[in-house]
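These are my notebook entries on a single structure. I set down what I looked up, entry by entry.

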Amino acid sequence: SRSLSRVVRNVIRNDLLPHFTHTNIEIASKCPFKPGGDVYYNQEHNKRQEESNRWHCELCGKSFFIEQYMDKHMIIKHNDSLILKPDTVCLANYCQYYRCEVISPQTSRDIYWEEVLCNDDNLDELYDQCMNLMKS
């Protein structure tokens, strides 16, 4: 899902990558979270939010008032700009580690409270899975 991939991408960009930069550690080429390694990277990289309600496509110059319409435009007009290589990933596949259901802007209040009040065993298991993923 494009919207869930966006949630994961924002967490990676804002929370994970700065730690690599700060410590001067290079991200492994096999790491699924490396910049440019996700299917939607080109399309998302060529979207610009000019104002709170104005989106611009840098691939063709068209503008939109709602990001959803911009996403539909990317699917219809620029589907060939998806990165479909063996080493690219759909970041939405990693939502279980990033807890997209909690941090997604589309999350309803009911789901939010069910998910945010999780138990320690589940978090420990997710932590172990995440660490194994980062080491691979």
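**Entry 1: a loop residue**

I looked up Leu 84 and recorded it as exposed, because its relative accessibility is 67%. For this I took buried as under 20% relative accessible area, exposed as over 50%, and partly exposed as in between (1.4 Å probe, protein chains only). The model is predicted, so I note that local features need pLDDT of at least 70 and side-chain atom pairs count only at pLDDT 80 or more, while totals for chains, interfaces and linings use all residues. Residues are numbered from 1 along each chain as its sequence is written, and side-chain values use heavy atoms, with hydrogens and water left out.

I placed Leu 84 in the loop between helix H3 (67-77) and helix H4 (95-98). Helices (H or I, at least four residues) and strands (E, at least two) are DSSP runs, numbered from the N terminus.

Which residues of H3 are buried? I found Met 70, Asp 71, His 73 and Met 74. They lie on the same side of H3, because they cover an arc of only 160° around the axis. The arc is that of the directions from the helix axis to the C-beta atoms. I recalled that an α-helix has 3.6 residues a turn, so residues three or four places apart point the same way. On the other side of H3, I found Gln 68 and Ile 76 exposed.

I then looked up what covers the buried residues of H3, with contact meaning heavy atoms within 4.5 Å. The cover includes helix H1 (2-23), helix H2 (41-45), strand S1 (47-51), strand S2 (54-57) and strand S3 (63-64).

**Entry 2: the hairpin**

I noted that S1 and S2 run antiparallel and are joined by four bridges. Two strands pair if DSSP finds at least two bridges between them. The two strands form a hairpin with two residues between them. Glu 51 has Arg 54 in S2 as its bridge partner.

**Entry 3: Lys 47 and its partners**

I looked up Lys 47 and found that it counts as buried, because its relative accessibility is 6%. The side chain of Lys 47 forms a salt bridge with that of Asp 71 (2.8 Å, N to O). A salt bridge is a side-chain nitrogen of Lys or Arg within 4 Å of a carboxyl oxygen of Asp or Glu. This pair links distant parts of the chain, with Lys 47 in strand S1 and Asp 71 in helix H3, 24 residues apart. Lys 47 also meets Glu 67 in a salt bridge (2.9 Å, N to O).

**Entry 4: aromatic pairs**

How many aromatic pairs does a search of the whole structure find? I recorded three. Rings of Phe, Tyr and Trp (its six-membered ring) pair if their centres lie within 6.5 Å; planes under 30 degrees apart count as stacked, over 60 as edge-to-face and the rest as tilted. The pair of Phe 33 and Tyr 98 is edge-to-face, because the ring centres are 5.5 Å apart and the planes stand at 85°. Both Phe 33 and Tyr 98 are buried. Ring pairs join Phe 33, Tyr 94, Tyr 97 and Tyr 98 into a cluster.
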